[in-house]
Amino acid sequence: MEGINFNQIGVSFKGSGSYVPDQILTNPKISQKVDTSNEWIKSRTGISERRISSIGDNVTEMGYAAALSAIEMAHWDIKTIDLIILATSTPNDLFGSAPSVQAKLGAFNAVAFDLTAACSGFLFALITASQFLKGGSFKRAIVIGADQLSSFVDWNDRRSCILFGDGAGALAIEATNEFDNFIGFDMRTDGGRGSFLNLPSKNNKDSIIDDIDFLSGGFSSIQMNGQEVYKFAVKEVPIILEKLLKKMKYNSDQVDWLLLHQANQRILDSVGERLKIPREKILSNLEKYGNTSAATIPLMMDEAVRDYRIKQNDIIATSGFGAGLSWGAALIKWG
Ligand code: UT7
């Protein structure tokens with residue numbers, strides 16, 4: 001796709017979409033598999049159930065469904081899309097799943113690529129896409145967050161398996177030369193703390209021929225130090241959001257919605273308290289879906305746009321955080 005340059009100065013939010021698989025795994029059902037209970041999961045995380053992909057619900061299919069519904073809301077001709085970024089840590093093709101989403105959509109004029117930053121992935125992808133739009137290279141972008149962590153969860157590890165679910169969300173964003181609804185952002189990583197949450201490769205030594213070895217590819221399951229990730233989130237997320245608000249000269253009482261990565265209700269409440277944002281302004285749907293990794297933010301946003309909680313010109317402070325460790329924040333105005 002060639003650069004276009006429209007003297008663009010800003011970004012406008014035109015549509016949202018989401019998709020979750022049909023299979024529902026409730027807390028009582030998980031309690032039949034590992035030593036846990038509905039009460040423990042509910043009180044420690046806020047999660048009641050999560051969706052689990054079945055055959056046919058891979059990241060390409062989920063991302064496609066979410067993207068299509070965002071495009072429909074935006075009333076875009078699919079041929080006018082310039083850029084598709086798919087944030088995922090669980091592509092169904094390790095070489096990248098975004099081009100197959102592009103092909104399924106028939107977005108033949110777009111360039112499509114994957115971006116991996118775990119639970120911060122959607123936010124990092126949104127920031128990346130917005131820079132292409134503001135820089136004048138592209139006019140219309142679809143940003144997707146889709147993950148299928150159920151394939152990488154150790155379903156015998158009660159400390160982590162209760163948290164995760166599958167799903168996808170997408171936003172349709174457009175460059176404009178009239179205003180800028182992408183107010184500001186910040187993003188951080190700290191690989192030094194990466195071991196708190198990771199999904200490492202698992203290679204088995206094998207032999208190609210005679211004395212030439214190779215390592216067969218594969219991955220182990222999610223490894224998580226829950227307490228450390230919890231401490232990281234409740235410390236760093238308020239700091240990055242506070243700094244961003246200050247930099248953009250916003251007070252927390254000007255924020256209509258706090259939209260955090262849906263990891264744990266206690267994290268959401270703690271960040272809200274630190275920022276003095278009342279509970280009714282904190283968007284949460286993790287009770288129904290758990291932590292869907294890169295999908296949580298657009299999945300929540302789509303729900304709140306479609307049920308008219310998020311209205312035109314509402315100010316949304318959003319933050320993604322997770323493996324890497326990585327975290328980021330953005331301040332946006334809907335519409
Ligand atoms: O995108 C980021 C993804 N990761 C996260 O967001 C993780 C953030 N961390 C958390 O959400 C919380 O740390 C957890 C929900 C994972 C755990 O909650 P916690 O309050 O930090 O529990 P804990 O690890 O301190 O464990 C307390 C107790 C332990 O038992 P003992 O040692 O006190 O006897 C655990 O063995 O709870 C036990 N436990 C469980 N009991 C019943 C741990 N998991 C379970 C479980 N059911 N599923």
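**Figure 1. Thr296 and its place in helix 9.** Thr296 belongs to helix 9, which spans residues 296-306; helices here are DSSP runs of H or I with at least four residues, strands are runs of E with at least two, and both are numbered from the N terminus. The model is predicted, so local features need pLDDT of at least 70 and side-chain atom pairs count only at pLDDT 80 or more, whereas totals for chains, interfaces and linings use all residues. Residues are numbered from 1 along each chain as its sequence is written, and side-chain values use heavy atoms, with hydrogens and water left out. Thr296 is buried, because its relative accessible area is 2% (buried means under 20%, exposed over 50%, and partly exposed in between, with a 1.4 Å probe and protein chains only).

**Figure 2. Surroundings of the Thr296 side chain.** Apart from neighbours within four places in sequence, Thr296 is in contact with His261, Gln262, Gly290 and Asn291 (contact means heavy atoms within 4.5 Å). The side chains of Thr296 and His261 are joined by a polar contact of 2.8 Å. A polar contact is a pair of N or O atoms within 3.5 Å; within protein, one must be able to donate a hydrogen and the other to accept it, and residues adjacent in sequence count only if both atoms are side-chain atoms. The Thr296 side chain also reaches the backbone nitrogen of Gln262, at 3.2 Å. Asn27 lies 269 residues from Thr296 along the chain, and the C-alpha atoms of the two are separated by 19 Å.

Figure 3. Most residues other than glycine have a negative phi. Ser293, in the loop between helix 8 (286-289) and helix 9, has a phi near 60°. Ser293 counts as buried because its relative accessibility is 2%. Tyr308, in the loop between helix 9 and strand 14, has a phi near 65°. Tyr308 is exposed, because its relative accessible area is 67%.

**Figure 4. The cis peptide bond from Gly324 to Leu325.** The peptide bond from Gly324 to Leu325 is cis, with omega near -10°. Most peptide bonds are trans. Leu325 is located in the loop between strand 14 (315-322) and strand 15 (326-333).

**Figure 5. Gln148 in strand 6.** Gln148 forms part of strand 6, residues 140-148. With a relative accessible area of 15%, Gln148 is buried. A polar contact of 3.1 Å links the side chain of Gln148 to that of Ser151. Beyond neighbours within four places in sequence, the contacts of Gln148 are Ser53, Asp57, Asn58, Val59, Met62, Thr90 and Asp166.

Figure 6. The protein chain contains nine helices and 15 strands. Its C-alpha atoms fill a box of roughly 60 × 50 × 40 Å along the principal axes. The radius of gyration of the protein chain is 20 Å, in agreement with the value near 20 Å for a compact globule of 335 residues; the radius is taken over C-alpha atoms, and the globule rule is 2.2 Å times the number of residues to the power 0.38. Of the 335 residues, 54% are buried. Among contacts between residues at least 6 apart in sequence, 76% join residues at least 24 apart.
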